[in-house]
Amino acid sequence: MFRCITIAAGLAVLATTGCLAQNSANEQGREIPGYFLPLPDDISPEMRPLVAAPPAPWDIHPKNIQEWKELVAKVAGPAKTLLPAMREKLGVQLEPITIAGVKAFVLTPRIITPENQNRVFLHFHGGAYVLNPGEPGTREATLMAAFGQARVISVDYRTSSEAPYPAALDDCVAVYHHYCRI
């Protein structure tokens with residue numbers, strides 16, 4: 001029996017939409033003034049250009065399932081290319097598995113610390129229940145396994161282009177129940 005430690009990884013987008021600059025009730029919409037966000041002083045010179053770069057396009061609105069699938073494939077492409085070398089370099093083995101009827105991956109590092117021998121970390125990949133299905137969703141789990149020196153289960157939940165809400169959540173809960181016995 002494993003002790004269960006759950007890690008939910010993903011993007012957290014913080015938005016201040018409340019009272020920044022609301023127009024009168026007669027106007028349509030809301031104006032939010034632009035502002036300058038300085039770089040942190042304590043990041044390395046190598047990291048500064050990455051932090052200063054504008055965010056990747058996020059305001060994309062596919063019109064149908066086919067366009068969603070094309071977007072998902074486009075986002076997954078680089079990960080499919082880079083992940084095998086990343087796992088090799090970090091000494092992490094990937095094994096596809098099915099748990100409680102849900103696809104998942106077991107990521108096992110070369111060395112598991114004694115305190116982690118009877119633990120499993122559950123990983124729910126980022127992608128807002130839309131992006132990163134399959135192996136591309138294991139990037140964070142690979143890092144968790146390597147640096148945490150622990151076994152990680154990365155849940156390959158169904159995404160909305162194939163299975164609408166609440167399928168992804170059902171998959172995550174099913175795997176959680178399997179390991180945590182709640």
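Buried means a relative accessible area under 20%, exposed means over 50%, and partly exposed lies in between (1.4 Å probe, protein chains only). The model is predicted, so local features need pLDDT of at least 70 and side-chain atom pairs count only at pLDDT 80 or more, while totals for chains, interfaces and linings use all residues. Residues are numbered from 1 along each chain as its sequence is written, and side-chain values use heavy atoms, with hydrogens and water left out.

**Exercise 1.** Find the salt-bridge partner of R87 and classify both side chains.

Solution. 
- Step 1: R87 meets E135 in a salt bridge, at 3.0 Å from N to O.
- Step 2: The pair links distant parts of the chain, with R87 in helix α2 and E135 in the loop between β4 (119-124) and α3 (139-148), 48 residues apart.
- Step 3: R87 is buried because its relative accessibility is 11%.
- Step 4: E135 counts as partly exposed because its value is 24%.

**Exercise 2.** Locate K69 and E162 in the chain and classify each by accessibility.

Solution. 
- Step 1: K69 and E162 form a salt bridge, with their closest N and O atoms 3.1 Å apart.
- Step 2: K69 sits in helix α2 (residues 65-90), and E162 in the loop between β5 (152-155) and α4, 93 residues away.
- Step 3: K69 has a relative accessible area of 35%, so K69 is partly exposed.
- Step 4: E162 reaches 55% and therefore counts as exposed.
- Step 5: The salt-bridge count by this rule comes to three.

**Exercise 3.** Describe the position of V173 and its distance from A100.

Solution. 
- Step 1: V173 belongs to helix α4 (residues 167-180).
- Step 2: Its relative accessibility is 43%, so V173 counts as partly exposed.
- Step 3: V173 and A100 are 73 residues apart in sequence, and 9.9 Å apart in space from C-alpha to C-alpha.

Key
Helix = DSSP H or I, 4+ residues; strand = E, 2+ residues; numbered from the N terminus. Salt bridge = Lys/Arg side-chain N within 4 Å of Asp/Glu carboxyl O.
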